Amino acid sequence: FVVQKEEKTPGEVIFEVELLAIVNTEVPKYDENFVKENSNVKTIDAYEELVKKELKEQKELAAKNSAKDELWMLIMEGSKVEKYPEDILEKVKKENKEMDIYYANQYGMSIEDFVAASGMTMEEYEQEQVAYSEAMVAQELVMYSIAEIENITVSSSEYDKALKELLAGQGAPDEATLKEL
């Protein structure tokens, strides 16, 4: 709706309101017709069993992912990078800044205005970029170190399968497009 405010005298205000639409959400009746129209099962019992199974799988996956994240945090907390490869660190910093410039452009802003809008000075931004880039490179170094120590390798077919899943999940037709995202 559109509101226009008009002041007549001190303390008296008149609002003119134009209603552009009325939205009425209708909750469908939960019955076998609903089940048949909104799922691949025919009965309410089968639908409820399906929903229960899906919710259980989602909760199990969330718990598994949470445990993995927690384990990775513990690994990173117990790891120390003694020296960052300068070329990799610079590449990550450059990619991060390019991403921030992209977001700034999406808002029609310069990177300086974008940073200021987030409540930081350019100096604070640069310090944060260094810290973030070091954290990203550290994770990569730790991951590769673990893979080397544990003799973990990835075959071409495993890589291709994982890449296809990633591309599908990101809606990218190929690896080059994925890198642009």
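**Reading helices, salt bridges and a charged patch**

User: Where is the place of Glu112?

Analyst: Glu112 sits in helix 4, which covers residues 111-117, where helices (H or I, at least four residues) and strands (E, at least two) are DSSP runs numbered from the N terminus. This is a predicted model, in which local features need pLDDT of at least 70 and side-chain atom pairs count only at pLDDT 80 or more, while totals for chains, interfaces and linings use all residues. Residues are numbered from 1 along each chain as its sequence is written, and side-chain values use heavy atoms, with hydrogens and water left out.

User: Is Glu112 buried or exposed, or does it fall in between?

Analyst: Glu112 is partly exposed because its relative accessible area is 44%, given that buried means under 20%, exposed over 50% and partly exposed in between (1.4 Å probe, protein chains only). In space, Glu112 lies 6.7 Å from Met122, C-alpha to C-alpha, although the two are 10 residues apart in sequence.

User: How should I read the overall architecture, and what pattern does the protein follow along the sequence?

Analyst: The secondary structure amounts to 7 helices and 2 strands, and reading along the sequence gives β-β-α-α-α-α-α-α-α. For the overall dimensions, the C-alpha trace spans about 70 × 60 × 35 Å along its principal axes. The radius of gyration is 27 Å, whereas a compact globule of 181 residues would be near 16 Å; the radius is taken over C-alpha atoms, and the globule rule is 2.2 Å times the number of residues to the power 0.38. Buried residues account for 13% of the 181 residues.

User: How many salt bridges does a search of the whole structure find?

Analyst: Side chains of opposite charge can pair when their charged atoms come close. The search of the whole structure finds 6 salt bridges, each being a side-chain nitrogen of Lys or Arg within 4 Å of a carboxyl oxygen of Asp or Glu. One of them joins Glu95 and Lys91 at 3.4 Å, N to O, and both residues lie in helix 3 (residues 86-106), 4 residues apart, about one turn of the helix. Lys91 counts as exposed because its relative accessibility is 53%, whereas Glu95, at 39%, is partly exposed.

User: Which residue forms a salt bridge with Lys94?

Analyst: The partner of Lys94 is Glu98, with the closest N and O atoms 3.2 Å apart, and this pair too lies in helix 3, with 4 residues, about one turn, between the two positions. Lys94 is exposed at 53% relative accessibility, while Glu98 is partly exposed at 41%.

User: Which parts of the chain does the salt bridge between Glu126 and Lys97 link?

Analyst: The closest N and O atoms of Glu126 and Lys97 are 3.3 Å apart. The pair connects distant parts of the chain, since Glu126 belongs to helix 5 (residues 122-149) and Lys97 to helix 3, 29 residues apart. Both side chains are partly exposed, Glu126 with a relative accessible area of 34% and Lys97 with 29%.

User: Which residues form the negative surface patch?

Analyst: The patch consists of Glu32, Asp45, Glu48 and Glu49; patch members have over 30% relative accessible area and no salt bridge, with like charges joined within 9 Å. Helix 2 (residues 44-77) gives the most to this patch, with 3 residues. Asp45 lies in helix 2 and counts as exposed because its relative accessibility is 62%.

Terms used: Patches are made of residues with over 30% relative accessible area and no salt bridge: like charges are joined within 9 Å, nonpolar side chains (Val, Leu, Ile, Met, Phe, Trp, Tyr) within 5 Å. Accessible areas come from the Shrake-Rupley method with a 1.4 Å probe; for residues, only the protein chains shown count as cover. Lys and Arg count as positive and Asp and Glu as negative; His and the chain ends are not counted. The place of a charge is taken as NZ of Lys, CZ of Arg, CG of Asp or CD of Glu.
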